[in-house]
Amino acid sequence: MNALPIHTDSYGAYAYTVYREEDDGRYFLMINGEVYREDGEVFKAGFAQVCAKLEEVKIRKGAGGDNV
């Protein structure tokens, strides 16, 4: 998987990076170096959807939740 980092952010103890896959142009999220997954699958989508997921995850983590 060849991917380019597009956007980075940090919030508390967490580092978030949005990557764009060179092969299919879709985006995915990494949190502290780990690929973000939903239902066991890598969450891949368009840039806007991945950024929205990033904000959702930041809110959950900020609320003390670690189950992302």
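View 1. Lys 58 is buried, with a relative accessible area of 11%; here buried means under 20% relative accessible area, exposed means over 50%, and partly exposed covers what lies in between (1.4 Å probe, protein chains only). Its partner in a salt bridge is Asp 9, with the closest N and O atoms 2.6 Å apart. The two come from distant parts of the chain, 49 residues apart, with Asp 9 in strand β1 and Lys 58 in helix α1. Asp 9 counts as partly exposed, at 24% relative accessibility. A salt bridge is a side-chain nitrogen of Lys or Arg within 4 Å of a carboxyl oxygen of Asp or Glu. Helices (H or I, at least four residues) and strands (E, at least two) are DSSP runs, numbered from the N terminus. Please keep in mind that this is a predicted model, in which local features need pLDDT of at least 70 and side-chain atom pairs count only at pLDDT 80 or more, while totals for chains, interfaces and linings use all residues. Residues are numbered from 1 along each chain as its sequence is written, and side-chain values use heavy atoms, with hydrogens and water left out.

**View 2. Glu 38, Lys 53, Glu 56 and Arg 60 belong to one salt-bridge network.** The side chains of Glu 38 and Lys 53 form a salt bridge, at 2.6 Å from N to O. Glu 38 lies in strand β5 and Lys 53 in helix α1, so this pair ties together parts that are 15 residues apart in sequence. Lys 53 is buried, with a relative accessible area of 11%, whereas Glu 38 is partly exposed at 27% relative accessibility. Glu 56 and Arg 60 also meet in a salt bridge, with 3.8 Å from N to O. These two are four residues apart in helix α1, which means that about one helical turn separates them. Both ends of this pair are partly exposed: Glu 56 at 36% relative accessibility and Arg 60 with a relative accessible area of 29%. Shared partners are what join the four residues into one network. Across the whole structure, a search finds seven salt bridges.

**View 3. Strands β1 and β2 form a hairpin.** Strand β2 covers residues 14-21, and eight bridges join it to β1 in an antiparallel arrangement; two strands pair if DSSP finds at least two bridges between them. Two residues sit between the strands, and Gly 12 in the turn has a positive phi of about 65°. Look across from His 7 and you will find Val 18 in β2 standing opposite. Thr 17 lies in strand β2 too, and is buried with a relative accessible area of 14%. Not counting residues up to four places away in sequence, Thr 17 touches Pro 5, His 7, Thr 8, Phe 28, Leu 29 and Met 30, where contact means heavy atoms within 4.5 Å.

**View 4. The largest nonpolar core has 12 residues.** Its members are Tyr 14, Tyr 16, Val 18, Tyr 27, Leu 29, Ile 31, Tyr 36, Phe 43, Ala 45, Val 50, Leu 54 and Val 57. At least two residues of this core come from each of β2, β3 (27-31) and α1 (47-62). A nonpolar core is a set of buried Ala, Val, Leu, Ile, Met, Phe, Trp, Tyr and Cys residues joined through side-chain atoms within 4.5 Å. To follow one member, take Val 50: leaving aside neighbours within four places in sequence, it is in contact with Val 18, Tyr 27, Phe 28, Leu 29, Phe 43 and Ala 45.

**View 5. Leu 4, Ile 6 and Phe 47 form a nonpolar patch on the surface.** Together these residues have about 240 Å² of accessible area, a value from the Shrake-Rupley method with a 1.4 Å probe, in which only the protein chains shown count as cover for residues. Patches are made of residues with over 30% relative accessible area and no salt bridge; like charges are joined within 9 Å and nonpolar side chains (Val, Leu, Ile, Met, Phe, Trp, Tyr) within 5 Å. Ile 6 is found in strand β1, residues 3-11, and is partly exposed with a relative accessible area of 43%.

**View 6. Asn 32 and Asp 39 are loop residues with positive phi.** Asn 32 is in the loop between β3 and β4 (34-35), with phi near 50°. Asp 39 is in the loop between β5 (37-38) and β6 (41-42), and has a positive phi of about 55° although it is not a glycine. Asn 32 is partly exposed, with a relative accessible area of 42%, whereas Asp 39 is exposed at 82%.
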